[in-house]
Amino acid sequence: MENLFLGAMDAFEPLAVFSVFCGILLGYVVGVLPGLSRPAALAIAVPITYYLSPISAIAFLIGVTKASAAGGATGAIMLNTPGEPSSAATCFDGYPMAKAGQATKALKTALFASVFGDIVATLVLILLAKPLASFALRMGPLEMTSVMIFALMFIAALSGKSLTRGLISGIFGLFLATVGLDPESATPRLTFGVIELYDGVPLVAATVGMLAFTEMLVQGETYIANLRKGVAPEMMKRDCSDLTWPDVRRVAPTVLRSTGVGIAAGIIPGLGPTIGAFLAYAVAKKSAKPGDRFGEGEIKGVAATEAADNAVLPASMIPLFAIGLPGSVSAAILVSAFMIHGVIPGPLIFEQYPRLIYGIYVSMIVASVCMLLVGRIGLHFFARIGRVPIVLIVPNVLVLCLVGVFLERHQLFSVYAMLVLGLLGYVMQRYGYSVVTFLIGFVVGPLFELSLRQAIIVSNGDPAVLVDHPIAVAFLFMALAAAVMFLKRERPGGAVEESVRGPG
Amino acid sequence: MPKAKPSKPLSRQTETVPQNSQNGGRFTRSPSFLPAVAEFAIVAGLSLVFIFIVIPAGTSPGGEIGLPPDLLPKAAAAAIGVLALAQFVFSCVRPAPDAEARPPVGHVLPLIGATVAGVLAVRFVGWEAGGALLALLALLAMRERAPLRLVVVPLAVAAVLFAVGEIGL
């Protein structure tokens, strides 16, 4: 109780509240702009937090993440251009609503559903994370290794078209994480005399390069291709419709159900907000009543996708806090922010930094309230931001990428690393290798290696000891079953549609 | 994210090739076979290069206590090689989903060139001028020709970078 009080005091410090507010503003802008995804924006935002206290830094990033999820709906509704991949499903009904002169109703529904999903998922996080962490503390290296293998298998299968390519990406991330000093002997490993690599490949350079820089290249490429084809974005006019109480009563069950779907998608590693939103839409459509017009401007469709989308992030922090495993790429980037501030996420975080954790919880609630206020006041203003041309976004974001990675270590080496990793990410993405899985492999790499080494030492390299570790066996079995299941479903039309996959 | 196109059935993806066999039979070859071979050759080849050249050259043998430092790097590289083989086998035994139509790589090369030039400019002439040059080159790479934008954006970038430097970040 004392820690909760102290954490709340930290979260209500003016700088922390201001950080949340700035994060929300930035997140909304990012969410509205079609060219910049949430993970890319988070990657760019991490360097901004170097000079903040841990609570202000995390609060700022949480603000960015939450608001970008909510802001993504604006472009989807007004321009049929989702600001985030996870808002793509909002286009199905949001844009037809706007065309039918109900843009304001759709925007308000998206905002209120987003805030509701977010707050409920945050409460679930607060209730579940600590008990799960207590359970995780009883897990040994064998169990941790098998949990990570299971999670990587899921993430690899759900982050791209091919399970094998996803696994190659994830293991390549693990491989790159081994660059630096060996954890046991402290001898240089794969550094080739480059002093800057003794601390490993810079984390921020990897995240910014693989996400933001790669995405700018893809956006630039698409823009030039569209320019050649003469494709012009369609504009949408505003209207004077409004959300009424009967509308609220009508969508309330859908919002509740979709929040549950979003929470489940957040807890299971690899699913992420895009799949969560599409699943919620599918569930809402399946439980449609006579008269519901899904796909033609149904308010329930907008509410379902947005509630689920925003419920994913807080829920994806449950495995992060409980076992140190990022459930999505946004959570993986938050890990890098934690580590920059000297905090290692995992079950021990509740023992070592209880005040910080409760501060983060309170900041998350503050962020939800800020999101509601900022979103409501700036409803039509944000709709206008979505019309900033991509040709202006790309050059500015490229410069931000360079500056951001430089600030991490004040070395141009980080900039070069970002450039190389960005180009690598572009090539990987072009040929169907998921950069999301790569990054998650890269982030969990050190923890995975530590657990694996401990497991090998504890077991003396004898796999028979697994008999005494049923949890480890269960997770390995589930990983194997998941691999078989995903491989069987990996056929045209059989797997989760590519359109529902995307960086989480 | 653009929706993936539904894949064509295998029968449409195959071409019949006459075979000079004794029974005069014919076999079919998927057009995706050659890309699959190329992908396997590159990924598995890189895996072997890492196992036999890069990792031994970049890691010390380690002490007598504990596990060797090259344990995980070699295991990871070997796993990538095995998975590349699996990917190749899967590509051969069943049709892969159609690759998403992407613009030609030539479209992105000017933007990459602009970024590399910008990074070099930052290295040699500093952040303000280098950043402004990067912004200008990126605008030009994206076919922007409006004089106002070509002037204002680089100037704004230079001003922001100057402010960042002055603040002392």
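Is A:F350 buried or exposed? A:F350 is buried, at 7% relative accessible area (buried means under 20%, exposed over 50%, partly exposed in between, with a 1.4 Å probe and protein chains only).

A quick word on the ground rules. This is a predicted model, where local features need pLDDT of at least 70, side-chain atom pairs count only at pLDDT 80 or more, and totals for chains, interfaces and linings use all residues. Residues are numbered from 1 along each chain as its sequence is written, chains are lettered from A and ligands numbered from 1 in the order written, and side-chain values use heavy atoms, leaving out hydrogens and water.

Now for the rings. Rings of Phe, Tyr and Trp (its six-membered ring) pair if their centres lie within 6.5 Å; planes under 30 degrees apart are stacked, over 60 edge-to-face, and the rest tilted. That rule gives 14 aromatic pairs over all chains. Here are two of them, both edge-to-face:

| Pair | Centre to centre | Angle between planes |
|---|---|---|
| A:F92 and A:Y281 | 5.2 Å | 65° |
| A:F321 and A:F350 | 6.4 Å | 90° |

A:F321 sits in helix α12 of chain A and A:F350 in helix α14 of chain A, 29 residues apart (helices are DSSP runs of H or I with at least four residues, strands are E runs of at least two, numbered from the N terminus). A:F321 is buried too, at 0%.

As for the other pair, A:F92 lies in helix α5 and A:Y281 in helix α11, so it ties together parts 189 residues apart in sequence. A:Y281 is buried at 7%, while A:F92 is partly exposed at 37%.

Finally, ring pairs join A:F172, A:F175, A:F438, A:F442 and B:F50 into a cluster.
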